[in-house]
Amino acid sequence: MAPGSLTVSPATPQDWELVRSWAAEEGWNPGLSDVTAFFAQDPGGFFLGRIDGEPISAVSVVGYDDAYAFLGFYLVRPELRGLGHGLATWRAAFARAGGRAVGLDGVPAQQDNYRRSGFTTAYRTARYVGEVPAPDGPVTGLVAAERVGAAALAAYDDACHHAHRPRFLSAWLATPGHRALARVVDGRPTGYGVVRPAQGEARIGPLFADTPADAAALLDGLAAEARGFGSDRIAVDVPEVNPAAVRLALERGLEPTFETARMYTGPVRPVARERVFGVTTLELG
């Protein structure tokens with residue numbers, strides 16, 4: 001290749017630590033240990049653009065099954081934006097999606113570009129941030145998620161996500177620093193959630209629950225777990241299509257910061273939207 005030209009190739013987990021630092025510079029507050037779980041789902045779904053060997057752009061196109069993929073980490077170094085490197089990286093990586101429907105969570109500045117690439121807005125998500133006060137009394141019904149059992153937890157997750165994702169879920173729950181809780185009522189799970197250390201506020205995701213009461217118990221329990229590893233403030237990405245989720249965030253004193261739009265290129269498997277009180281990640285859906 002001629003000096004100064006862009007090449008796009010698959011990235012390694014070690015490469016992605018650099019991309020995580022770029023995401024932190026953008027204010028996206030990535031989890032400190034997310035990379036391992038991300039690559040567990042689809043190790044071939046991460047791409048870097050390089051000029052003369054130097055990484056300058058990134059995107060991920062992660063396959064979940066034959067029908068669904070998710071696009072994230074669309075980034076170009078600030079000093080090299082506007083030169084076509086991002087679009088070139090996007091095109092090289094997007095081919096990997098094949099015939100799958102693709103989802104993404106797009107920031108407002110990029111949404112028109114995504115529409116020109118065939119994406120349609122389904123709903124908006126807002127990141128709510130703040131300090132959840134400790135509850136007045138004990139939170140009942142919460143157990144470590146591992147006590148529910150992998151099969152039961154995966155079945156619950158299936159109802160709330162567009163594809164079966166046992167590889168990701170197993171890694172997400174086992175990643176060092178991640179704390180996972182489930183709520184159990186009458187012997188069955190009625191929700192689960194995960195909190196993890198991040199660049200800034202601790203990140204909660206997913207937060208899936210049958211009812212607002214289940215979600216509130218989980219949110220309080222996860223906030224307590226975050227305080228246990230030294231973070232008084234939490235952040236959760238709340239889909240505005242679930243009004244009960246928005247109410248819960250406000251009731252707990254969280255404030256909206258920035259918004260994204262969930263967008264798709266085509267039909268996706270329906271989910272129980274009323275159970276989604278917080279999406280898992282903006283990077284992998």
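On the face of helix 1 turned away from its buried side sit the exposed residues Gln 14 and Glu 25, where exposed means over 50% relative accessible area, buried under 20% and partly exposed in between (1.4 Å probe, protein chains only). This is a predicted model, in which local features need pLDDT of at least 70 and side-chain atom pairs count only at pLDDT 80 or more, while totals for chains, interfaces and linings use all residues. Residues are numbered from 1 along each chain as its sequence is written, and side-chain values use heavy atoms, with hydrogens and water left out. Helices (H or I, at least four residues) and strands (E, at least two) are DSSP runs, numbered from the N terminus.

**Helix 1**

- The buried residues in helix 1 are Asp 15, Trp 16, Val 19, Arg 20, Trp 22 and Ala 23; they cover an arc of only 160° around the axis, which puts them on the same side of helix 1, the arc being that of the directions from the helix axis to the C-beta atoms.
- The buried residues of helix 1 pack against strand 1 (6-10), helix 2 (34-41), strand 2 (46-51), strand 3 (54-63) and strand 4 (68-76), with contact meaning heavy atoms within 4.5 Å.
- After helix 1 comes Gly 27, which has a positive phi, near 85°.

**The largest pocket**

- The largest pocket holds about 720 Å³ of space, a volume being the space filled by probe spheres set on grid points that are joined across faces, edges and corners.
- A pocket is an open set of points on a 1 Å grid over the protein atoms alone, where a 1.4 Å probe fits, with protein on both sides within 12 Å along at least five of seven lines, and its lining residues have an atom within 4 Å of a point.
- Of the 32 residues that line the largest pocket, Tyr 74, Leu 75, Val 107, Gln 110 and Tyr 114 lie nearest its centre.
- Strand 4 gives the largest share of this lining, six residues.

- His 178, in the loop between helix 6 (166-174) and strand 8 (179-185), is buried, with a relative accessible area of 9%.
- Beyond its neighbours within four places in sequence, His 178 is in contact with residues including Ser 33, Asp 34 and Val 194.
- Gly 253, in the loop between helix 8 (243-251) and strand 12 (255-264), is partly exposed, with a relative accessible area of 44%.
- The C-alpha atoms of Gly 253 and Pro 133 are separated by 8.2 Å, although these residues are 120 residues apart along the chain.
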